[in-house]
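Visitor: I am new to this structure and would like to learn how to read its features. Would you kindly show it to me and take my questions in turn?

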Amino acid sequence: MKISTKGRYALRMMLEFAMHPQECTKISQVAQRQQISVKYLEQIVTVLCKAGYVKSMRGAQGGYRLSRDAADYTVGEILRLTEGSLSPVACLEDEKNLCKRADSCATLGIWKQLEDAISNVVDHATLADLVEEQKKKEQVKKEQVRKETENSHA
């Protein structure tokens, strides 16, 4: 299973909105910070708006913001919105397995375990978790730059 750019970019866009919860974020700002095409982000934000995940604000200070708190979004729900099913095989996509071979398929158990493992990860990670991870990474980077600057002046 491979997550498409649409799913990855949707998650990165939602993370941008979550990183700036008190302000409206323009698509151009997300595009610049994430190095993603504005046109592609506009297509993705339309999907996010229609699903009620983000709100659009008009005007000079307008842009987009999350409709709910970052802790109320899971990575799984964002990916399923943009990707559809996260099942590794088609026979597990529906609630009831309609595959004629289901009763005799030795590999079905492996695919179900894989699906459960994927769901366990993405359904327990929230945007708030990603915000914390991003902040840690930014802090580490600032510290590295500070040390490099100190060393170059020594």
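The dialogue below takes up several features, one after another.

Guide: Please keep in mind that this is a predicted model.

Visitor: In which sense do strand 1 and strand 2 pair, and over how many bridges?

Guide: Strand 1, residues 54-57, and strand 2, residues 63-66, are paired in the antiparallel sense, with 4 bridges. As one example, Ser56 has Tyr64 of strand 2 as its bridge partner. The two strands make a hairpin with 5 residues between them. In the turn, Gly59 has a positive phi of about 105°.

Visitor: Where is a positive phi found in a residue other than glycine?

Guide: As a general idea, most residues other than glycine have a negative phi. Here, Gln35 has a positive phi, near 55°. Gln35 belongs to the loop between helix 2 (27-34) and helix 3 (38-50).

Visitor: Is Gln35 buried or exposed?

Guide: The cut-off for exposed is over 50% relative accessible area. Gln35 counts as exposed because its relative accessibility is 72%.

Visitor: How many salt bridges does the structure hold?

Guide: The general idea is that side chains of opposite charge can pair when their charged atoms come close. This structure holds 8 salt bridges. One of them joins the side chains of Arg33 and Glu16, at 2.6 Å from N to O. That pair links distant parts of the chain, since Arg33 is in helix 2 and Glu16 is in helix 1 (residues 5-19), 17 residues apart.

Visitor: How far is Glu115 from Pro88?

Guide: Along the chain, Glu115 and Pro88 are 27 residues apart, and their C-alpha atoms are separated by 6.2 Å.

Visitor: Which residues form a nonpolar patch on the surface?

Guide: The patch consists of Ile110, Trp111 and Leu114, with about 260 Å² of accessible area together. Ile110 has its place in helix 5, which spans residues 108-122.

Visitor: Which rings does Arg68 lie over?

Guide: The charged end of Arg68 sits over the ring of Tyr73, 4.0 Å from its centre. Arg68 also lies over the face of Tyr53, at 5.6 Å from the ring centre. Arg68 is partly exposed, with a relative accessible area of 31%, and Glu77 counts as partly exposed at 22% relative accessibility.

Visitor: How many aromatic pairs does a search of the whole structure find?

Guide: The search finds 3 aromatic pairs.

Visitor: Finally, where is Ser152, and how far is it from Leu11?

Guide: Ser152 is in helix 6, residues 127-153, and counts as exposed at 55% relative accessibility. Ser152 and Leu11 are 141 residues apart along the chain, with 37 Å between their C-alpha atoms.

Note on methods
Residues are numbered from 1 along each chain as its sequence is written. This is a predicted model: local features need pLDDT of at least 70, side-chain atom pairs count only at pLDDT 80 or more; totals for chains, interfaces and linings use all residues. Side-chain values use heavy atoms; hydrogens and water are left out. Rings of Phe, Tyr and Trp (its six-membered ring) pair if their centres lie within 6.5 Å; planes under 30 degrees apart count as stacked, over 60 as edge-to-face and the rest as tilted. A charge sits over a ring if NZ of Lys or CZ of Arg is within 6 Å of the ring centre and within 35 degrees of the ring normal. Patches are made of residues with over 30% relative accessible area and no salt bridge: like charges are joined within 9 Å, nonpolar side chains (Val, Leu, Ile, Met, Phe, Trp, Tyr) within 5 Å. Accessible areas come from the Shrake-Rupley method with a 1.4 Å probe; for residues, only the protein chains shown count as cover. A salt bridge is a side-chain nitrogen of Lys or Arg within 4 Å of a carboxyl oxygen of Asp or Glu. Two strands pair if DSSP finds at least two bridges between them. Buried means under 20% relative accessible area, exposed over 50%, partly exposed in between (1.4 Å probe, protein chains only).
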